[in-house]
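Here is a short briefing for a first look. Please keep the sequence and the 3D view open while reading.

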Amino acid sequence: MTELIFSEDSYLKTIDAKITKIEGNAIITNRTIFYAESGGQPGDSGEIRLHDQTLKIIDTKKGNTPNEVLHIVDSEFDRGLVGKDAELIIDWEKRYELMKMHTGCHILCGIIEAEITGASVGFQKSRIDFDVDPNLLNKEELNQKIETIIKDDHQIFLNEISGDEFKNNPQLVKSAVLSPPVINNKVRTVQIGTSDNIIDLQCCGGTHCLSTKELGSVEIGKIENKGKRNRRVNIRFKND
Ligand SMILES: [Zn+2]
């Protein structure tokens, strides 16, 4: 069991933890700020610092249970580290790019009303596939909406609902292919905008920004045809 600190605070760059288990080339700790690959968002990289050595973490993956996080080490390491104190440090620049991109994907979900059939969050660009009538997608209009939402600086709120509430509110899952993690009978919700003006509201266990203005400049790139009603909408940072 790993306490998922990134879930409460996505902005922590470093945290103290204790090593609880070693599994193959992975280190498991009692708490972590490393996001494990899921929901289309890549895992974090960074370092685990011990008093006498530093281990490079090249990726983070989910373990056997929803809240077991595997910090993947790049090389052979001492197997006797269980019980040792460690400092976890994430590659913040990379994570922050992903947080902005991930938040951009939520904005896209908020302005395109359609079921999601796929998603991938990347550093410079990301994409979401929608089951949508292509005639409903006007790139210029969508870009205008994204620009306005970023400029208006909407706040982003995290909340939790119970497993039962989650089951009774299927509209909170917008994806046909991804399901948010249910941990200790709780599911996290992410809401862009205040309750009187909600841009997007859905269940998601990923890492997000706290306000839309942080995204800077994001725009839609290509809209690709991936089947009869399947449209792949790419977003990227605008290079001014
Ligand atoms: Zn999300």
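In which sense do strand β2 and strand β8 pair, and over how many bridges? Strand β2 (residues 14–23) and strand β8 (residues 85–90) pair in the antiparallel sense over 5 bridges. Strands here are DSSP runs of E with at least two residues, numbered from the N terminus. Two strands pair if DSSP finds at least two bridges between them.

This is a predicted model, in which local features need pLDDT of at least 70, side-chain atom pairs count only at pLDDT 80 or more, and totals for chains, interfaces and linings use all residues. Residues are numbered from 1 along each chain as its sequence is written, and side-chain values use heavy atoms, leaving out hydrogens and water.

**The barrel**
- 6 strands close into a barrel with antiparallel pairing, in the order β2-β3-β7-β6-β5-β8.
- On average, neighbouring strands of this sheet are turned by 45° against each other, direction ignored (axes are lines fitted to C-alpha atoms, and angles between N-to-C directions run from 0 to 180 degrees).

**Strand β2 and its partners**
- T14 stands opposite I89 in β8.
- β2 also pairs with β3, in the antiparallel sense over 4 bridges.
- E23 stands opposite A26 in β3.
- β2 and β3 form a hairpin with 2 residues between them.
- G24 in the turn has a positive phi of about 60°.

**Strand β3**
- β3 (residues 26–29) is covered on both faces.
- A26 and I28 are buried on one side, I27 and T29 on the other (buried means under 20% relative accessible area, with a 1.4 Å probe and protein chains only).
- In a regular strand, side chains alternate between the two faces of the sheet.
- β3 runs antiparallel to strand β7 (residues 69–73), joined by 2 bridges.
- The bridge partner of A26 in β7 is I72.

Conventions
Buried < 20%, exposed > 50% of the residue type's maximum accessible area, 1.4 Å probe, protein only.
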